[in-house]
Amino acid sequence: MQSSLLKKINRLTSEKDLKRIKGDVNKIISEVSSIQEEIFNSENGSSSSVNKNFLLSELNQIMRTQTLGRTQYYLNRLAKSLTQNKTSNLNDINLNRWKEYNDIITDSLWIIDKRDKSGAHKADYWGNFIPQIPNQFLRRYTKKGDWVLDPFAGSGTTLIECRRLGRNGIGIELSPAVAKLAKENLRQQKNTYKIKTKVITGDSTSIDLRAELKKEKVSSFQFLLVHPPYWDIIKFSKRKNDLSNAKSVDDFLKMFGNVADKTYPLLDKGRYCAVVIGDKYSSGEWIPLGFYVMQEMLNRGYKLKSTIVKNFDSTRGKMNQKELWRYRALAGGFYIFKHEYIFLFQK
Ligand SMILES: C[S@@+](CC[C@H](N)C(=O)[O-])C[C@H]1O[C@@H](n2cnc3c(N)ncnc32)[C@H](O)[C@@H]1O
């Protein structure tokens with residue numbers, strides 16, 4: 001279908017009769033509309049086949065043109081998008097078909113109502129993030145085969161997404177029980193792209209990452225996804241090197257800084273790091289943990305590329321608890337947390 005379509009489009013690029021072009025494009029539109037979606041299905045992040053909606057939107061744009069010049073411009077653009085792949089050295093997004101990627105977020109406000117529960121993703125680890133976070137970043141800031149590090153791997157959400165998208169991933173998790181859970185979760189996800197995903201039980205503040213990379217015969221990462229505990233909001237373990245057991249904000253930032261120091265040298269220059277973090281209340285005071293952490297990253301030489309505000313809703317909160325918190329907020333003059341931050345940095 002794709003090659004016969006291309007032939008038709010190519011023929012039209014040299015046609016001079018605007019009325020005839022429109023007539024033929026109209027025929028192509030009905031042909032494309034009648035074809036089953038699957039034929040055009042495009043894989044997450046790649047463009048080996050044509051997305052039906054993309055095709056229809058390009059064809060409809062041609063139908064709306066007024067002049068022969070404009071029509072041929074769009075026809076040529078469509079022909080180019082069907083044959084040429086235009087990617088950057090950062091990701092596999094085909095910019096010639098940028099309209100296909102309408103699920104890639106480019107705004108700094110992320111309102112995501114539903115957790116992606118497809119594949120091996122489960123929502124049962126308290127403190128995990130939604131799979132859409134790694135999905136968005138891996139598609140925008142990595143290529144297939146790149147190496148990704150998650151120094152706070154938790155239940156393995158990042159690594160599961162790595163598998164689904166064909167990126168290699170290393171995850172470090174302090175708690176042996178949680179690392180085991182991440183391994184179990186990973187086993188549920190098919191390794192279609194035959195990439196490596198490894199969960200290491202260890203302490204990210206002190207681990208020898210260079211040695212870990214060496215074992216994989218690579219020397220650097222192309223993306224870091226960092227989702228530390230939001231200090232002591234959730235106590236993940238009793239271990240003293242667990243960031244959730246830091247004794248003070250300064251102590252927390254020192255531990256986070258150690259992770260930043262360990263990971264920064266191993267990220268390729270020009271590549272990206274995303275830190276997912278929320279603020280917290282302590283003794284009636286809003287502690288801007290997120291901004292403190294951002295400053296730690298800037299102190300190490302990272303360039304801030306974006307501050308994303310993402311919604312969150314504690315689905316575990318029962319309705320009566322919500323009401324209790326609303327009463328407390330009204331009475332106490334504070335606001336209930338409904339957002340967290342994702343700071344995006346470039347080395
Ligand atoms: C916010 S959770 C990450 C959740 C993860 N993104 C997921 O989707 O499951 C933070 C994790 O960091 C782990 N952790 C805390 N201190 C650590 C350290 N020093 N080294 C490695 N992991 C640590 C905790 O056990 C916890 O699982």
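This is a short tour of a predicted model, stop by stop.

**Before you start**

Residues are numbered from 1 along each chain as its sequence is written. Because the model is predicted, local features need pLDDT of at least 70 and side-chain atom pairs count only at pLDDT 80 or more, while totals for chains, interfaces and linings use all residues.

**Stop 1: the whole protein**

The C-alpha trace spans about 75 × 55 × 40 Å along its principal axes. Count 12 helices and 10 strands. Helices (H or I, at least four residues) and strands (E, at least two) are DSSP runs, numbered from the N terminus.

Of the 347 residues, 35% count as buried. Buried means that 20 or more other C-beta atoms lie within 10 Å of a residue's own; exposed means 12 or fewer, and partly exposed is in between, with C-beta atoms placed from the backbone.

Contacts come next: two residues are in contact if their C-beta atoms, placed from the backbone, lie within 7 Å. Among contacts with a separation of 6 or more, 68% join residues 24 or more positions apart.

**Stop 2: confidence**

Colour by pLDDT, the predictor's confidence in each residue, from 0 to 100. The protein averages 92, and 94% of the residues score at least 70. Now select residues 41-47. There pLDDT stays under 50. The model has 17 contacts beyond four places in sequence for this stretch.

**Stop 3: α2 and α4**

Select residues 18-34, helix α2, and residues 52-64, helix α4. Two packed helices are described by the angle between their axes and the distance between the axes. Axes are lines fitted to C-alpha atoms, for helices over the stretch in contact, and angles run from 0 to 180 degrees between N-to-C directions.

Here the axes come within 10 Å and cross at roughly 160°. The pair α2 and α4 is therefore roughly antiparallel. The cut-offs are these: under 35 degrees is roughly parallel, over 145 roughly antiparallel, 65 to 115 roughly perpendicular, and the rest oblique.

Which residues of α2 make the contact? Show Lys22, Val25, Asn26, Ile28, Ile29, Val32 and Ser33. On α4, show Lys52, Leu55, Leu56, Leu59, Asn60, Ile62 and Met63. By class, this contact has 9 nonpolar, 3 polar and 2 charged residues. Ala, Val, Leu, Ile, Met, Phe, Trp, Tyr, Cys and Pro count as nonpolar, Asp, Glu, Lys and Arg as charged, and the others, Gly among them, as polar.

**Stop 4: α10 and α11**

Move to helix α10, residues 249-263, and helix α11, residues 289-299. Their axes are 10 Å apart, at an angle of about 40°. That makes α10 oblique to α11. From α10, show Val249, Leu253, Phe256, Gly257 and Ala260. They meet Tyr292, Val293, Glu296 and Met297 in α11. The contact of α10 with α11 has 7 nonpolar, 1 polar and 1 charged residues.

**Stop 5: loop residues**

Most residues other than glycine have a negative phi, and most peptide bonds are trans. Select lysine 217, in the loop between α9 (209-215) and β5. Its phi is positive, about 60°. Is lysine 217 buried or exposed? Lysine 217 counts as exposed, with 6 C-beta neighbours inside 10 Å.

Next, take tryptophan 231, in the loop between β5 and α10. Its phi is also positive, near 50°. Tryptophan 231 has 26 C-beta neighbours inside 10 Å, so it counts as buried.

Finish with lysine 238, which lies in the loop between β5 (221-226) and α10. Lysine 238 has 9 C-beta neighbours inside 10 Å and counts as exposed.
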